[in-house]
Amino acid sequence: MRINKRIADMGLCSRREADEWVENGWVKVNGEVATMGQNVVPGDRIEIDQKAQDRQDQQVTILLNKPMGYVSGQAEDGHEPAVVLITNENRWNEDRSKTRFNFSQLKGLAPCGRLDIDSVGLLVLTQDGRVARQIIGEDSEVDKEYLVRVTFGDRDVDVQSVFPEEKLALLRHGLSLDEQPLKPAQVDWQNPEQLRFVLTEGKKRQIRRMCEQVGLKVVGLKRIRIGGVTLGNLPTGQWRYLAAHESF
């Protein structure tokens with residue numbers, strides 16, 4: 001097993017961060033400074049320098065209420081990435097964190113999961129690989145909650161009254177995407193035109209594609225919660241720091 005995977009599996013950081021630690025000389029294996037790409041075995045003793053912990057303590061996690069028209073990750077098709085909204089001017093004035101914003105916090109700040117250009121709501125951006133792994137890692141069990149406004153055929157009001165129960169059951173369990181069965185989901189009517197989805201996976205445009213399979217058209221999609229962290233009253237286009245007492 002490579003050293004970066006071993007460190008990540010220990011829950012200390014992401015593989016990318018582990019590579020940085022090794023490159024900086026902050027990792028020892030059996031008392032010897034580790035090298036990039038080094039292989040380790042289960043009995044090897046891994047030591048991490050305090051400098052790595054100090055670096056992690058300076059990392060930030062940011063919660064953004066993403067507006068429509070921004071992409072989550074890299075700029076594409078002329079659309080700006082959501083990270084351009086992380087400025088001092090856009091910080092929510094009710095953010096109680098004592099952390100002071102500086103541009104070094106934008107380095108390595110990456111989105112944890114997708115929220116497509118036509119969707120709005122809670123987007124998490126972090127420098128901390130532990131947070132990223134918790135939310136989008138292969139073994140993540142963190143759920144995400146969405147409010148989804150839909151139409152059915154030419155019906156755009158009181159959709160609930162005409163949408164078949166058996167199709168609602170399919171949304172909960174029984175659909176596949178990319179030839180892979182989807183995990184069970186919680187899907188219920190929030191009001192006659194809006195569904196509430198709770199998912200534990202995040203395939204590309206998953207909710208929109210699920211709805212298409214049962215004849216629904218999504219006309220509005222908003223993420224309101226990731227694990228134990230909610231969007232709350234955070235205004236559209238503004239951001240705040242993850243509070244010390246919050247966890248996903």
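Which residues have the most contacts inside the largest nonpolar core?

I am working with a predicted model, in which local features need pLDDT of at least 70 and side-chain atom pairs count only at pLDDT 80 or more, while totals for chains, interfaces and linings use all residues. Residues are numbered from 1 along each chain as its sequence is written, and side-chain values use heavy atoms, with hydrogens and water left out.

**Core.** I looked up the largest nonpolar core and found 38 residues, with V150, L171, L195, F197 and L216 having the most contacts inside it. Such a core is a set of buried Ala, Val, Leu, Ile, Met, Phe, Trp, Tyr and Cys residues joined through side-chain atoms within 4.5 Å; buried means under 20% relative accessible area (1.4 Å probe, protein chains only). Strand β7 (residues 144-152) gives the most to this core, four residues; strands here are DSSP runs of E, at least two residues, and helices are runs of H or I, at least four, both numbered from the N terminus. Domain 2 (59-140 + 228-241) and domain 3 (144-226) both contribute residues, so the core lies between them. The domain bounds come from an automatic or database assignment.

**Sheet.** I then traced an open sheet of three strands, ordered β2-β1-β3 with antiparallel pairing; two strands pair if DSSP finds at least two bridges between them. β2 (32-33) and β3 (46-48) are at the edges with a single partner strand each, so one side of each has no neighbour in the sheet. Strand β1 (residues 27-29) is joined to β3 by three bridges, and V29 stands opposite I46 in β3.

Methods: Buried < 20%, exposed > 50% of the residue type's maximum accessible area, 1.4 Å probe, protein only.
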